[in-house]
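Dear colleague,

My notes on them follow.

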Amino acid sequence: MAGAMWPGALPLLLLLAVLLHPSRCTQGGKVNFREKEKQVLDNILGPGRYDARIRPSGENGTDGPAVVRVNIFVRSISKIDDVTMEYSVQLTFREQWLDERLRFNDFGGRLKYLTLTEASRVWMPDLFFSNEKEGHFHNIIMPNVYIRIFPNGSVLYSIRISLTLSCPMNLKLYPLDRQICSLRMASYGWTTNDLVFLWKEGDPVQVVKNLHLPRFTLEKFLTDYCNSKTNTGEYSCLKVDLLFKREFSYYLIQIYIPCCMLVIVSWVSFWLDQSAVPARVSLGVTTLLTMATQTSGINASLPPVSYTKAIDVWTGVCLTFVFGALLEFALVNYASRSDMHSDNIKKQFPPSDQMEHSSSIDPSSELLEPDGSANFAMKPLVRHPEDTMSMDKLQQCEIHMQPRKKNCCRSWLSKFPTRSKRIDVISRIFFPIVFAFFNLTYWSTYLFREEEGDE
């Protein structure tokens, strides 16, 4: 009897097993839509249903170019290298386009999107970074990439990448310069007849809020288009211009202030005694070598460009001032030896003996006749008018022949009897005034000067 009942009970048991299967029921009696996702993916991406080699149709199902909208999120900028003229950036790159072949039933809005991790299963735009030097994807712990397919056939592709990009720089105003580094994205094989890149509406480029750079500040960024024409056609291109301003405080502390101190230290030799030859020579040579070392260290951190940079003008003038202080001592040493030679001559021929010798003879006291007798000149008792006029003219000539009054500079320099001492005193005033005038000209020129590309 039990064997007779078994054939009729089998269909009931199978139906009960199907109804109670975990894939068919969940808590609360709701359908498991994760299983529905598998069915939808098999339906739209199954064999013979979707070909990833064929690009999607244009807007509104036309045969026009496929439109891909791009937006990026800048996560970090690690370095900006002046020598190699490149910068490194880490960003999240996103592309979105419409592929009507991937439409599916969302079951009343319960399936918001489908997620894929293999980009090869759907058609992908052939975008590349035209100014890229190096780049890599991130695969820790899993590959940082995903593809979302929405019910209307819209595809969102997102990936995290790190790039090292070239950044041609104009260093004429270094270190008071601003640099524009670009990020260029273009299609490699599809022309504008088949593929067009557009920036996403709204906010296509986003930058992390706590972005920190050691020597630069990101002032602003601009988005633009850079379509390029070649022999094979016109290709769609997008670009982002990042405007960086160099932080000047580092260079003020490391370069400008030390150079000023070296120039001022070289002026100490003007206040030393001219006979202190070892001290003045060692001070001049030491400051000159230190300034030359500072200049070579600055140039080592910069590329060898053909034009003159702002820092070259500064270090060149400072080196000239230090070298001028050393040459000034050579001039002082030469002048001091000349002063010693003139003093020796004065000691051999004192001026007082010459005055006594000249005053011993009075040519107007008497006139000697050829026979040796003295002939005294007799002055007339009454002067003629002609004589009076001649006397007035002589007095006027004496007034004009009197030495002029000395000005303040000459009277001040007359306090220093030797030429060597006068050279030192003039250098104490001349060098600081010229250096102050150079600073005024330098800072007024480069602080308010703009880059040629921005004008």
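Cys-318 is buried, with a relative accessible area of 0%, and Cys-259 is likewise buried, also at 0%. Please keep in mind that this is a predicted model. The sulfur of Cys-259 has that of Cys-318 as its closest cysteine sulfur, but the separation of 5.0 Å is too far for a bond, given that a disulfide requires sulfur atoms within 2.5 Å. Cys-318, for its part, is in no disulfide.

A search of the whole structure does find two disulfides. One of them joins Cys-167 to Cys-181, with the sulfur atoms 2.0 Å apart. Because Cys-167 sits in the loop between strand 7 (154–166) and strand 8 (178–187), while Cys-181 belongs to strand 8, this pair ties together parts that are 14 residues apart in sequence. The torsion about its S-S bond is about -80°, so the disulfide of Cys-167 and Cys-181 is left-handed, and both of these cysteines are buried.

Cys-226 and Cys-237 also form a disulfide, their sulfur atoms lying 2.0 Å apart. Here Cys-226 is in the loop between strand 11 (216–225) and strand 12 (228–230), and Cys-237 is in strand 14 (residues 237–246), so the parts tied together are 11 residues apart in sequence. With a torsion of about -55° about the S-S bond, the disulfide of Cys-226 and Cys-237 is left-handed; Cys-226 and Cys-237 are both buried.

Counting bonded cysteines along the chain, the disulfides follow the pattern 1-2, 3-4.

Definitions and conventions:
Residues are numbered from 1 along each chain as its sequence is written. This is a predicted model: local features need pLDDT of at least 70, side-chain atom pairs count only at pLDDT 80 or more; totals for chains, interfaces and linings use all residues. Side-chain values use heavy atoms; hydrogens and water are left out. Helices (H or I, at least four residues) and strands (E, at least two) are DSSP runs, numbered from the N terminus. Buried means under 20% relative accessible area, exposed over 50%, partly exposed in between (1.4 Å probe, protein chains only).
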